[in-house]
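Subject: Model for your files

Hello,

The model we spoke about is below, and my notes follow it. Please keep them together.

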Amino acid sequence: DWIMEQKAVLALGVLLILFNNPFYALVIIIPGEASFFFSTLFTVNFCIYLYGFWLTTFQRIRLENHQRRTKTITVVKGVFLLIFWVFVLANMALLNRAYLQDPGFNFTIEHPKALLGLKVTAIVIAAVALIALLREIGYVIKTFKSRIWRQKILFVLSIFFMFAFFIFIFSGAFSSFNTNGARILVTIAFMNLYVFVLQILYVPTAKGMREHQQIERIENPRIEMQYDVIDDNISVEFHSPFSGQGIQIQNEENDHEQQNQHQYGTKLDESHEEEHGKAAKYRADEEEEN
């Protein structure tokens, strides 16, 4: 039962594999609209999801410091991210298609009104996205001292990579026609490093499982134990499905205890029989003397 951050980091790892573009050879060997479209699609998917990840996790740090369950994933946020994704993907795909068909294509000359409309729409969407993100960052900074250690590390790490991410965007590192190999490699390396650190930060551990059980008891005081089996031979109580080994150990201890009691009772019976035999022999000897 993973928390929201663990599930989100898992999805981010899958998108990172596509962001690294394992099919990049097709862009070189078979250049065309399809190869460039998929290259653009993988990049846009990763970038928009990364923005949604930051927005949701920062809000969760502010409102749900140590809670497992989350209410920060809302329909409004999903609709906004969908609009953001469609707008960016459509623009990049159309621009790539236009440049592939005519390398001398100039959007300013060919479609000035459409370019103006795209610029205004882009500014509005980008402003809304930036204001929402800065708002959450400001709230987290105010409550930073009272946050748990993992949330603090996530926030500081994300802020650092966020600045790098925006620098990469404005430098044109995510463009399909970027010919600066060093810039592309640095961008890919930074994004991979960020996701790898997140995976290490949220990897499931035995300690985390115990913390999860404790938090579950706090959030659900009425469901403190899932099983309580009391019998003549077995007495088991455990709090999670991970304690099956504890049941086996408890059963083995009960069986061992019963075996010891049986052996002890057998020894008592033997000693009692021996004492009765001695007493009977003593009485027989007395009768013979009389």
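**Confidence**

This is a predicted model; its mean pLDDT (the predictor's confidence in each residue, from 0 to 100) is 76, and 69% of the residues reach 70 or more. Over residues 226–251 the pLDDT is below 50, and beyond near neighbours in sequence this stretch has 32 contacts in the model (a contact means heavy atoms within 4.5 Å). Where pLDDT is low, the predicted coordinates should not be read in detail.

Local features need pLDDT of at least 70 and side-chain atom pairs count only at pLDDT 80 or more, whereas totals for chains, interfaces and linings use all residues. Residues are numbered from 1 along each chain as its sequence is written, and side-chain values use heavy atoms, with hydrogens and water left out.

**Helix pairs**

Helices are DSSP runs (H or I, at least four residues), numbered from the N terminus. Axes are lines fitted to C-alpha atoms over the stretch in contact, with angles from 0 to 180 degrees between N-to-C directions.

The axes of H3 (residues 33–63) and H4 (residues 75–101) come within 9 Å and cross at roughly 155°. H3 is therefore roughly antiparallel to H4 (angles over 145 degrees count as such). The crossing is right-handed, a term for a near helix turned clockwise from the far one by less than a right angle, left-handed being anticlockwise. By class, the contact of H3 with H4 holds 16 nonpolar, seven polar and three charged residues. Ala, Val, Leu, Ile, Met, Phe, Trp, Tyr, Cys and Pro count as nonpolar, Asp, Glu, Lys and Arg as charged, and the others, Gly among them, as polar.

H3 also passes H7 (residues 149–170), with axes that come within 11 Å and cross at roughly 145°; this crossing is left-handed. Among the residues that meet are Phe53, Trp54 and Phe58 in H3 and Phe155, Ile159 and Met162 in H7. The contact of H3 with H7 divides into twelve nonpolar, three polar and no charged residues.

**Two residues**

Leu16, in H1 (residues 4–19), is buried at 3% relative accessible area (buried is under 20%, exposed over 50%, partly exposed in between; 1.4 Å probe, protein chains only). Leaving aside residues up to four places away in sequence, Leu16 touches Phe46, Met191, Asn192, Val195 and Phe196. The C-alpha atoms of Leu16 and Val195 are separated by 7.7 Å, though the two are 179 residues apart along the chain.

Ile184, in H8 (residues 181–201), is partly exposed at 25% relative accessibility.

Regards

Definitions and conventions:
Helix = DSSP H or I, 4+ residues; strand = E, 2+ residues; numbered from the N terminus. Parallel < 35°, antiparallel > 145°, perpendicular 65-115°, else oblique.
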